[in-house]
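Colleague: I am new to reading protein models, and I would like a close look at one part of this one. Could you pick out the loops and walk me through them slowly?

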Amino acid sequence: MVLPALTEALSPYFRPIKYSLFPPLGLATLAGYLGPDDQVELQDEHVEKLILDDTPDLVVIQVYITSASRAYRLADHYRKRGAHVCLGGLHVTSLPEEAARHADTIFRGPGEDTWPAFLADLRAGRPRARYESRVRTLEGLPPVRRDLIKRHLYLVPNSIVVSRGCPHVCDFCYKVAFFDGGRGFYTQKVDAALAEIERLPGRHLYFLDDHLLGDARFAAALFAGMRGMGRLWQAAGTVSSVLRPRLLESAAACGLRSLFVGFETLNPEALRAQRKAQNLHRDYGAAIRRSHDLGVMVNGSFVFGMDEDDDSVFDRTVEWAIENGVETATFHVLTPYPGTALFQRMEAEGRILHRNWDLYDTRHVVFRTRRMTAETLESGYRRAYRDFYRWRAIFRGARTKDTAGGRLRHVAYAGGWRKFEPLWDLVIKSRRVCRLRPLLESVLSGFGRHPADERGSAKTGRGEGTERDVA
């Protein structure tokens with residue numbers, strides 16, 4: 001089982017920590033369906049050099065858009081060596097005919113129903129060329145094969161997924177195409193999710209769910225079950241979920257310390273154009289203040305290059321994020337992924353410039369822009385990163401915090417991600433990235449107690465010093 005590296009992850013310059021942050025779980029989840037006598041190895045090219053001189057019977061490759069070229073080369077290599085090659089993932093679902101030229105079997109959509117069917121067909125000697133997902137459920141999901149994950153190569157080896165998809169439908173979102181043909185959002189049973197969390201060693205978790213708070217009833221029950229576990233965790237949610245009464249309080253009380261939030265744009269017209277209605281008429285500033293009051297840091301996501309944007313969007317967005325104390329920001333150039341409504345609309349308008357998937361990385365312009373040139377868009381994107389992560393800007397953002405501990409945490413977290421790439425590069429190459437996990441946990445916890453701990457102690461009688469901390 002192979003996860004090829006994204007194009008940008010193989011930069012000859014300093015390696016960003018995000019590519020060694022946590023292990024993706026797609027292939028390890030599929031491995032759970034294999035039999036006890038099956039020999040399997042999982043390789044993640046983001047953290048290790050691939051072994052290509054082996055002769056496996058079956059090769060399974062997960063394909064994203066900017067790893068597609070690499071994935072196809074690997075697939076062709078292994079087919080020449082006599083292996084049965086399977087391709088699946090976001091890109092394969094969007095462009096099945098393209099992927100089929102490089103595979104014996106392709107999978108469209110999630111694999112919980114199609115993968116077991118393929119294994120049965122393979123053992124019977126009649127594997128099909130294509131499998132289409134139709135049944136969407138996580139009931140009966142076997143335990144993730146975490147024994148295949150090389151934990152020491154990741155800063156946060158405890159990644160976990162307890163739901164699939166997202167309840168919202170945004171025009172630029174890749175996941176909408178992936179879940180076409182069935183339910184686009186569904187969760188595990190709460191007890192199954194809690195059992196998976198209990199199996200994880202250590203303290204820190206990283207939920208890879210697209211929207212962990214998307215089902216408020218499920219999320220509330222999950223957070224109630226996590227109370228007292230002594231976990232620190234990070235996840236992704238929406239502005240509307242942050243503003244929902246009591247939900248964020250419950251998350252913070254059981255260990256939420258950092259939330260990825262898709263603000264995308266400050267322009268309501270751009271939100272309407274991309275059908276991101278869940279962000280309309282929401283007070284972004286109130287969502288940030290609410291998070292910070294509970295001791296939860298915010299990683300804001302922003303997209304540049306919508307038709308409503310002009311060249312003022314970069315400075316305006318960066319200044320807003322700094323003034324509101326956003327700890328970290330992720331900026332993107334609008335990218336029309338194949339299979340999305342955005343791609344279909346731009347293709348119909350003749351605005352798609354090329355299909356060099358290596359450049360569909362949210363850093364390059366791949367469509368005909370409207371209110372600014374492609375050069376202005378790309379340079380503005382780079383400037384936004386540079387300006388937001390200047391030391392001066394980091395200290396300005398830190399000053400929005402009410403306490404010395406909050407200001408220190410802001411500086412440590414924002415500076416740590418973007419200002420010490422040579423250090424990250426060194427520890428990644430020395431395969432010692434896991435040694436910095438205690439430092440990350442210290443920063444996430446605010447170097448001690450924070451507002452959610454105080455609320456939790458008052459309500460439950462448990463303080464941080466008495467909660468179970470699994471070593």
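Modeller: Happy to! Let us begin with the setting and then move to the loops. Keep in mind that this is a predicted model. Among contacts between residues at least 6 apart in sequence, 73% link residues at least 24 apart. The protein has 20 helices and 14 strands. Its radius of gyration is 22 Å, close to the 23 Å from the globule rule for 471 residues, so the protein is as compact as a globular protein of that length. Along the principal axes, the C-alpha atoms fill a box of roughly 65 × 55 × 45 Å. Of the 471 residues, 54% count as buried.

How far can you trust the picture? The mean pLDDT is 91, and 93% of the residues reach 70 or more. Residues 456-471 are a stretch to treat with care: the pLDDT there is below 50, although this stretch has 25 contacts in the model beyond near neighbours in sequence. Where pLDDT is low, predicted coordinates should not be read in detail.

Now for the loops. Start with R246, which sits in the loop between α9 (239-243) and α10 (247-253). Look at its backbone: phi is positive, about 75 degrees, and R246 is not a glycine. Is R246 buried or exposed? R246 is exposed, with a relative accessible area of 66%.

Next, find T362 in the loop between α14 (341-348) and α15 (374-388). T362 also has a positive phi, near 60 degrees, and it is a residue other than glycine.

The last stop is L294, placed in the loop between α12 (284-293) and β13 (297-304). L294 counts as buried too, at 4% relative accessibility.

The accessible surface comes to about 20400 Å², and 51% of it belongs to carbon and sulfur atoms.

Key:
Residues are numbered from 1 along each chain as its sequence is written. This is a predicted model: local features need pLDDT of at least 70, side-chain atom pairs count only at pLDDT 80 or more; totals for chains, interfaces and linings use all residues. Side-chain values use heavy atoms; hydrogens and water are left out. Helices (H or I, at least four residues) and strands (E, at least two) are DSSP runs, numbered from the N terminus. The radius of gyration is taken over C-alpha atoms; the globule rule is 2.2 Å times the number of residues to the power 0.38. Buried means under 20% relative accessible area, exposed over 50%, partly exposed in between (1.4 Å probe, protein chains only). Contact means heavy atoms within 4.5 Å. Accessible areas come from the Shrake-Rupley method with a 1.4 Å probe; for residues, only the protein chains shown count as cover. pLDDT is the predictor's confidence in each residue, from 0 to 100.
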